[in-house]
Amino acid sequence: MKHTIPALALSALLALGIAGCSDSSTPSSGSGPNASGERPTTAATRWQNYERAVEYPATTAEDAFIAMRDGVQIAARIVRPTDAEGAVVAAPLPVILTINGYNSRLIGDVLPSTDFFVQRGYVHVFVDERGTGSSGGKWESFGEVAQADFLEVLQWIDSQPWSAGRVGTWGPSYMGITQFFAAKHQHPSLKAMFPIVPMGDAYRDIVFTGGQINAGFIPLWVGLVNGLGALPVAALQENPLGGVNVLLDHVTQSLLAFSAGTVSEALLGTDKVYDGPFWRARSPLEVADRVQVPTFLVGGLNDLFQRGTPLLYEALKDHTEAKLLIGPWTHLEGSFGGGLPADGVPSLDAIALQWFDRYLKGMANGAEQQPDVTQYLYGEERYVIEADWPHPEARAMTLHLRGDQSLSAEPAQAGEASNLVLQQPLNGLCSMSASQWTAGVIGLLPLPCATDNRITELLETTYTTAPLERDLYINGPIQANVWVSTTALEAGVVVRITDVYPDGRSQEITNGILTASMRAVDDSRARLLDGQSIQPWHVFTEAARQPLSPGEIVALNVEVFPSSFVIKQGHALRVSVGASDLPHGLPPLPDLVRGVAGLLTVYSDADHPSHVVLPVVDTIPAP
């Protein structure tokens, strides 16, 4: 893994003031199976505002139940506009469909977006996925039986007198993920999608990032689904006895059989800890090639699906109309587009209205000409328009982790010091990462460590550049190649990227985590930039597991999730390497036992050149 630095590139980096981070002498838009070159576009370079007046003064809602092929009753909440006399509008209208795993009766009437759309001439249909809310059957979290239900839901909508036969799907999180499994059926009435903070890869994005259980969000999420499923309001009102049966199904099948069983299997380290058919079937990226309708994707730089949402855009953009907006959001903030409108970017409701008006109502409103990719830049603290994702002008820059804890383009030399980290599972509890991986919940607390990583860094080893002499713009996925050994039989490694302010504050931007024995990668699926791997693709199967021996030195290719940020002049870039990131990652019990109380050694020498590969862009878009 030795690296040669072109002389011209080294000179340029020395001018930047970071003592030489290696890059290629020829800028490239990337190569390899997942790399993206520049694509033709007619998209605008600035956002155009879009507004349309309310057509109807009020709305009304009613419940319905849809019989599935096996007799299971799926609950729906139908919100329709009313006229000035309070009468329900009888004319057929385009339909916005939201399939959720919570409880339509409890959320459908309180989301402000519902009335926003309906009062402008839409019917909004909320549907409880099988085994959730007031729907009968067994919940299996986006399982294949539920996915088949989504086609029957579309067929049912088509048959209703209030439907104009044109459907768009909308919603955040769970309600964004289900859109892909509805679209895979290619039903002719489905015309557009607007998924907000959706998942791409169930295993890698969220449940088992780096081979470790997400101990922050997953318990909250499973508890929310099952808790709201304990209140089947619509089913109880429709038929009290039937409602009781729905509740019993939720408790015995969804909670005890599926939820408790899946979680316990994960904790105990059984088959569910490995990637395979169970997780593939629940990953929207697996069906993205079957999505044929215009899709507007919304993601967040600190979202739960920070990794997956831009990958979905990349998977769609070459075969259907696709656009991507990434804000400075955690999952909660991103679900509602917090802070918008800003920097010329409209509110999410305004963007979605334009999208649906174009593709469901046929209005020539210029939705397709809005910017293809809009990203928030940390450091600049503003939104910018870019041509594509990944950035077509990004070039690879390599920074080496040095034994003196500097971060430099100059490779490590023979005899440089290594650094020790105590292996324990609790670090990260007070960090930006903790906020991100609890969907933003912990971030609601006034904790100083959410904006200053120095407490977390006390139990890590850090590598820092000199203060930069000019701004450094990084946009895309990052790879950290770290050489380590352990005194234990297992190790977890977390790599954080932080912005170090002149006053010493260290602001975490993004991170990645990996269990050492799960380090095997499939090079054919890695993303390359200028010939270097910048986004590894770990296999995460039982057959690919590579057990560790105490003292064995191994190279870990850690996937650091994509971001977009500028390290300003006078600031420094820091790479921090630690052994845990709770609640982001908690090893399954067997791995935890094998790795606890060990000493992790991070190597930085000529034979073990630990380094990071960064996607650097030369030009920061003007305001």
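Two aromatic rings of Phe, Tyr or Trp count as a pair if their centres lie within 6.5 Å, and planes over 60 degrees apart make the pair edge-to-face. With that in hand, welcome to this predicted model. A search of the whole structure turns up 22 aromatic pairs.

One of them joins F117 and W170: the ring centres are 5.7 Å apart and the planes meet at 75°, so this pair is edge-to-face. F117 belongs to helix 3 (residues 112-118) and W170 to strand 6 (residues 163-172), so the pair ties together parts that are 53 residues apart in sequence. Both F117 and W170 are buried.

F278 and W279 also form an edge-to-face pair. Here F278 is partly exposed, with a relative accessible area of 23%, while W279 counts as buried at 7% relative accessibility.

| Pair | Centre to centre | Angle between planes |
|---|---|---|
| F117 and W170 | 5.7 Å | 75° |
| F278 and W279 | 4.8 Å | 90° |

Ring pairs also build a cluster, whose members include F117, W170, Y122, W47 and W355. Elsewhere, R525 lies over the face of W537, 3.8 Å from the ring centre.

Now for the wider setting. The protein has 623 residues, and 62% of them count as buried. Its secondary structure comes to 16 helices and 25 strands. Among contacts with a separation of 6 or more, 80% are between residues 24 or more positions apart.

How values were computed:
Residues are numbered from 1 along each chain as its sequence is written. This is a predicted model: local features need pLDDT of at least 70, side-chain atom pairs count only at pLDDT 80 or more; totals for chains, interfaces and linings use all residues. Side-chain values use heavy atoms; hydrogens and water are left out. Helices (H or I, at least four residues) and strands (E, at least two) are DSSP runs, numbered from the N terminus. Buried means under 20% relative accessible area, exposed over 50%, partly exposed in between (1.4 Å probe, protein chains only). Contact means heavy atoms within 4.5 Å. Rings of Phe, Tyr and Trp (its six-membered ring) pair if their centres lie within 6.5 Å; planes under 30 degrees apart count as stacked, over 60 as edge-to-face and the rest as tilted. A charge sits over a ring if NZ of Lys or CZ of Arg is within 6 Å of the ring centre and within 35 degrees of the ring normal.
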